[in-house]
Each structure stands twice: as C-alpha cells, then as structure tokens.
Amino acid sequence: MRTVAKTLVPIALLAASLAVAGYLRSTRPAVQPAPAIERVWTVRAEPVRLADHRPILQLYGDLVAGREVTLRPLVAGEIVEASAKLVEGGAFAEGERVIAIDPFDYEAARDELAAEEREARARRAELQSTLETEWTMLRLDETQAELVRRDLARHEQLRGSQAASEKALDDAQMAVARHEAALAQRRQTIGTLEARLEQQDAVIKRLGVALRRAERALADTELRAPFAGFVTEVTAARGKRVGVGDPIARLIDAERLEIRFMLSDAEFGRLWQDGLIGRELQARWRLGEARFPIEGRIARVESTIDPASGGVEVYAEITANPEAAPLRPGAFVTVLLPDRLHREVVELPASALFHGDTVYAIEDGRLRPRSVALVADLGARILLRGDLAAGDPVVTSRLAEIGPGLKVEVAE
C-alpha cells in the first residue's frame with residue numbers, strides 16, 4: 001500500500017497543476033494589438049524663389065609687379081655718389097639720380113675727341129682755302145693760255161711772209177705747250193685737293209660720331225630711375241667699383257602692381273564666353289586684423305597655359321587703392337570675382353540636393369521628388385534649374401530615410 005501511495009501522490013499533484021494551468025489559460029483576458037501610428041519627420045524647408053543670380057567667385061592670389069627692371073650701369077668705374085634712397089624699400093621719382101660714377105676718364109676722352117674734331121675742321125678749312133686759291137689760279141692760267149693760243153694763231157697766219165720768222169712761230173708753240181702743261185698740273189692739283197677735302201669730311205664725321213659716343217658715355221656716368229618706383233635687392237654703395245651691366249638694384253613700378261590669380265578650366269571657359277577681359281573685381285589684403293580693400297580690372301591672361309597646373313593664370317590691373325595701403329609684390333590677397341549671370345534659377349542650400357539631381361518638395365505634408373539640374377555650386381549654397389515652381393517648399397534637411405511620400409512637418 002505504501003509503495004502505491006508513493007507513486008500516486010506525485011501523479012496527482014502533476015495532474016492538479018496541469019488542470020490549474022489550463023484553467024488559468026482559458027480564463028485569461030484577451031489583449032487587443034495597438035493600431036500602427038505613422039511617423040512624422042520634422043524637417044527644415046525653404047520656399048522656391050525664381051530669380052536672376054550672379055554668383056561671386058572667391059579666389060586667392062597674390063600681387064606681382066606689372067613692370068620692373070634691374071638697374072645696371074652702362075659704363076664702368078667707381079661709384080662716387082649714391083642716393084640716400086638706394087636702400088631696401090627706397091622710393092625714387094622718374095628721372096631721379098640713383099648713382100654717379102667717377103666721370104674723369106669720360107670727360108678726358110670727350111675733351112680729347114673734341115680737340116681732334118676742331119683740329120680736323122681747321123685742317124679742312126686750310127684745304128678749302130688752298131682749293132679756292134687753285135681755282136683762282138686755274139682761271140688765270142686759262143686766260144693766259146687763251147692769249148698764247150691767239151698769238152700762235154697769228155704766227156701761223158703770217159708763216160711764209162716777211163713779217164714772221166720760223167723762230168717766232170716755234171716760240172709761240174712752245175709757250176702754248178707750257179701753258180697747257182700748267183693747266184693740266186693745276187687741274188690735277190684741284191682734283192687732289194677735292195679728294196682730300198672729302199677725306200677730311202669723313203674724318204670729321206667719324207670724330208663727330210666718336211664725340212657723341214663719348215658724350216653719351218659721360219652722361220651714362222649718372223644712372224637715373226627710368227620710372228617711379230621702389231627698389232629692392234640693392235647691391236651697390238659709394239666707393240664700390242662696378243663694371244658694365246653689373247646689377248645695382250631692382251626697381252619695381254609702384255603704379256603698375258597687378259593681381260595674379262588662378263581660374264580653373266571650367267571657370268575660365270565660362271567667364272571667357274561671358275567676357276573675361278575688362279571684368280571688374282574686388283580684392284582684400286589682410287594684415288593681422290586690418291583688411292585693405294583693392295579694386296581691379298582683368299587685363300590679360302597668361303601667354304602660355306600649363307596643363308599640369310590645372311588652371312589658367314589671370315592678371316588684373318589695380319584700378320583703386322582706397323585706403324592707400326602700402327602694396328608690395330608677394331602680398332597674398334583674396335579675390336572676389338563676379339561670375340556669369342544665371343537667369344531664372346533657384347538658390348537653395350547645398351543640403352537640399354539629393355543624388356545630384358533631385359530635391360524634395362512638400363505637398364500636403366508629404367515629400368514629392370523633383371528633378372533638377374545643378375547650375376552652379378557656390379559652396380554652402382547652390383543654383384538649380386528644373387521642375388520647380390515659385391513658392392514650393394523644398395526640404396533642406398538631410399534625412400537618411402528620405403523618399404517619396406514620407407510624411408513631414410516643417411520646423412518653425
């Protein structure tokens with residue numbers, strides 16, 4: 001009996017537990033599932049405004065010298081005078097003397113050539129006087145020769161008569177021969193003198209050229225600034241001996257500084273078609289907390305284009321320096337250049353564009369995709385043209401789950 005009781009008790013407890021569990025399951029209350037609620041996304045939006053836009057390109061460049069020259073002496077010698085302005089950053093006016101080279105040797109050479117020229121002119125005057133005398137004597141000789149010819153003719157007419165003798169005829173013929181010889185000698189002397197006069201004229205001309213060279217060399221002992229500007233790379237001082245062509249300093253035209261900057265191939269092509277040369281621009285030179293405005297106008301484009309540089313160098317002349325900033329080559333500047341005019345485009349934040357060609361407009365609280373084309377990338381903002389109507393609110397928030405039909409509300 002005990003063995004049977006030990007077996008039945010656990011079975012009875014298990015059956016009772018199962019019965020209670022079945023009862024509790026059958027009598028538990030039914031749980032109804034909650035209805036699904038659609039999520040509403042809070043977004044930022046901006047209304048579409050169709051307008052004409054001319055973006056401003058922000059570029060970077062530097063100042064370069066539009067005109068500069070290395071000052072070099074044209075004659076050699078010792079520098080006996082140097083301007084007090086011949087120091088780094090010194091400014092010269094046009095025509096102002098920079099240095100003076102010892103002029104002694106050049107003055108001596110000029111004076112010697114001037115004396116030689118005066119001597120040559122005096123020699124020519126002597127030859128001219130002799131030539132004029134010879135011409136006078138030639139005319140007298142011709143007169144005498146004509147007389148003896150007439151005398152000879154009379155003797156020839158009287159030949160054979162008692163009034164003339166053979167000796168007289170011979171004497172007349174001898175006189176004519178002597179005068180003809182004298183005339184030939186006189187003409188030869190005149191020809192020689194005329195040739196010597198031409199030679200002397202050549203000597204005088206050659207000495208005149210040499211004298212002008214000497215005078216120019218003497219003038220070149222003073223080196224003057226060819227234009228107004230400031231100097232750098234100064235290598236000369238009083239007492240230094242310089243040779244022809246030795247560098248003295250580099251002179252930079254203060255009125256011909258230019259702004260040099262780079263345009264990408266796309267920017268250059270776009271602006272060239274729109275008119276690049278003559279386009280006005282603004283630039284800023286920053287020195288610490290100070291900013292100096294500069295105005296300019298594009299004047300030229302680099303004569304050669306290096307494909308490795310990835311762009312085109314452009315030069316703009318400075319048209320205004322309102323605050324009289326001490327501009328110098330090498331200064332780094334920010335350039336603000338007006339881009340081409342885009343008509344009837346929409347300006348939106350760059351975050352509004354998805355996949356490069358889609359924006360999402362809000363219609364009745366839901367997103368609707370609109371196809372667009374990117375006209376210009378301004379950095380934080382972009383210009384678009386496409387399936388957009390004025391006043392349409394366009395989402396400007398970035399959503400990973402964004403898609404057509406998404407329910408949204410615009411944040412205040």
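**Ground rules.** I am working with a predicted model, where local features need pLDDT of at least 70 and side-chain atom pairs count only at pLDDT 80 or more, while totals for chains, interfaces and linings use all residues. Residues are numbered from 1 along each chain as its sequence is written, and side-chain values use heavy atoms, with hydrogens and water left out.

**Entry 1, the barrel.** I looked up the barrel and found it closed, with 6 strands in the order β4-β13-β16-β15-β14-β17 and antiparallel pairing. Its neighbouring strands are turned by 40° against each other on average, direction ignored; the angle is between axes, lines fitted to C-alpha atoms (for helices over the stretch in contact), and such angles run from 0 to 180 degrees between N-to-C directions. I noted that strands are DSSP runs of E with at least two residues, helices are runs of H or I with at least four, and both are numbered from the N terminus. Two strands pair if DSSP finds at least two bridges between them. Strands of a sheet pair through backbone hydrogen bonds, either parallel or antiparallel. I then followed β4 (residues 56-65), which is joined to β13 (residues 257-263) by 5 bridges. There, Ala-65 faces Leu-257 of β13.

What is a pocket here? On a 1 Å grid over the protein atoms alone, it is an open set of points with protein on both sides within 12 Å along at least five of seven lines, whereas a cavity is a set of points where a 1.4 Å probe fits but cannot get out; lining residues have an atom within 4 Å of a point. The largest pocket holds about 270 Å³ of space, a volume being the space filled by probe spheres set on the points, with grid points joined across faces, edges and corners. It has 13 lining residues, and the closest to its centre are Ala-254, Glu-255, Arg-256, Leu-257 and Ile-318. Both β13 and β16 (312-320) give two or more residues to this lining, and β16 has the largest share with 3 residues. I sorted the lining into 7 nonpolar, 1 polar and 5 charged residues; Ala, Val, Leu, Ile, Met, Phe, Trp, Tyr, Cys and Pro count as nonpolar, Asp, Glu, Lys and Arg as charged, and the others, Gly among them, as polar.

At least two lining residues come from each of β4, α4 (265-274) and β20.

Four strands make an open sheet in the order β5-β12-β10-β7, with β5 (68-71) and β7 (91-92) at the edges. Thr-232 has Arg-250 in β12 as its bridge partner.

Beyond neighbours within four places in sequence, Leu-211 is in contact (heavy atoms within 4.5 Å) with Arg-110, Leu-113, Ala-114 and Glu-117.
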